Amino acid sequence: MKKLFQINPALDRADCARRFAERGRVQVRDVLTPETAEEVAGILRRGTRWGLATRGGDGEATPPVSLRAHELAAPGGGERANAAALAAHAASARGDYGFRFAHYPMVDALQNRWEPDGPHELLLEYLNAPDFLQLARDVTGIDSLVKADGQATLYAPNHYLGRHIDSHVAEGWRIAYVLNFAPQDWHPDWGGYLLFLDDEGDVVEGFRPRFNALNLFAVPQSHLVSYVPPFAPLGRLAITGWLRDR
C-alpha cells in the first residue's frame with residue numbers, strides 16, 4: 001500500500017543532535033523517504049486551496065489577517081488581500097513586524113472540518129505520530145515534546161516573513177520546524193531562505209529551502225524568511241509550525 005509520510009531510516013540522528021546542540025538549530029536533509037516526500041509535495045502542489053496570511057505590525061491593534069481561498073475569490077476579495085498586503089509592506093518599511101505569504105492552516109481546517117478526512121488532516125496526524133515526535137526529541141534532546149501544530153505555506157513572488165523571535169514560550173512553544181518541499185533546483189537568488197540573526201542584526205546562519213529537508217530550531221530565536229523577488233518561480237513550499245511541550 002502506498003505510504004504518505006515515512007521517516008528516512010538512514011538518518012544519522014546522533015550527528016543531527018550534535019549539530020543542534022552546538023547552535024540550537026539544524027537542517028536535517030532527506031528527512032523523509034524519497035517516495036513519501038514526493039507524495040507530500042504533490043498534496044502541496046496540486047491539492048491545497050491556498051489562502052493568504054498577512055500582518056502589518058506587532059501590536060494588539062494589528063492582529064494577523066488570514067483569508068481563505070474562497071474569500072479571495074469572492075467579490076471584493078482581491079481588494080481585501082491588496083489592502084492587507086499594503087499594510088504589511090508599510091509596517092516592514094518602518095521597521096515594524098510584517099509578513100505576507102500563502103497558507104493553509106491545517107489545525108483550523110481540522111477543528112472546523114473544512115475538508116473532512118482530507119490529506120491535510122492525515123498530514124497533521126503524521127506530524128503528531130510517534131515517529132515524527134520521537135525524531136524531534138532525538139535531535140533536540142527535549143523529551144517533553146508532546147504535540148505539533150502545522151500549516152502549509154507557500155512563499156510566492158513578493159512574499160516574506162519579517163524578523164521576529166517566536167516568543168510564545170508560555171503557550172508551550174519549544175521548537176519551530178519547517179519541513180521544506182521547494183523545487184530541487186531552488187536558486188539562492190530566489191530568496192525564501194530561513195535566516196538567523198544576532199543581536200546586531202547580522203546574519204549568523206541561513207538554511208536554503210531544500211526539498212525534503214527539515215529545519216528545527218529552538219525558540220525564542222531571532223529569524224526571518226527572506227523576500228522572494230518577482231522573478232522567482234512558484235514557489236517555496238513547506239509545512240511549518242511549532243513543537244510543544246503542552
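**Structural briefing**

Ser222 occupies the loop that joins strand S11 (213-218) to strand S12 (223-225), where helices (H or I, at least four residues) and strands (E, at least two) are DSSP runs numbered from the N terminus. The model is predicted: local features need pLDDT of at least 70, side-chain atom pairs count only at pLDDT 80 or more, and totals for chains, interfaces and linings use all residues. Residues are numbered from 1 along each chain as its sequence is written, and side-chain values use heavy atoms, with hydrogens and water left out.

**Two buried residues**

- Ser222 has a relative accessible area of 17% and is therefore buried (under 20% relative accessible area; exposed is over 50% and partly exposed in between, with a 1.4 Å probe and protein chains only).
- Residues up to four places away in sequence aside, Ser222 touches Arg163, His164, Ile165, Leu195, Phe196 and Leu197, contact meaning heavy atoms within 4.5 Å.
- Thr153 belongs to strand S6 (residues 151-155), and its relative accessible area of 1% makes this residue buried.
- When neighbours within four places in sequence are set aside, the contacts of Thr153 are Trp50, Phe101, Ala102, His103, Arg236, Leu237, Ala238 and Thr240.

**Helix H7**

- Buried residues in helix H7 (residues 130-140) are Phe132, Leu133, Leu135, Ala136, Arg137, Val139 and Thr140.
- Gly141 follows H7 and has a positive phi, near 75°.

**Largest pocket**

- The largest pocket holds about 1,200 Å³ of space; on a 1 Å grid over the protein atoms alone, a pocket is an open set of points with protein on both sides within 12 Å along at least five of seven lines, whereas a cavity is a set where a 1.4 Å probe fits but cannot get out.
- Grid points are joined across faces, edges and corners, and a volume is the space filled by probe spheres set on the points.
- Its lining comprises 47 residues, with Asp149, Gln151, Asp166, Trp173 and Trp242 nearest the centre of the pocket; lining residues have an atom within 4 Å of a point.
- The lining of the largest pocket divides into 23 nonpolar, 13 polar and 11 charged residues (Ala, Val, Leu, Ile, Met, Phe, Trp, Tyr, Cys and Pro are nonpolar, Asp, Glu, Lys and Arg charged, and the others, Gly among them, polar).

**Largest cavity**

- There is 1 cavity of 30 Å³ or more, and the largest cavity contains about 40 Å³ of space.
- Tyr104, Met106, Ala109, Glu115, Gly118, His120 and Glu121 line the largest cavity.
- By class, 3 nonpolar, 2 polar and 2 charged residues form the lining of the largest cavity.
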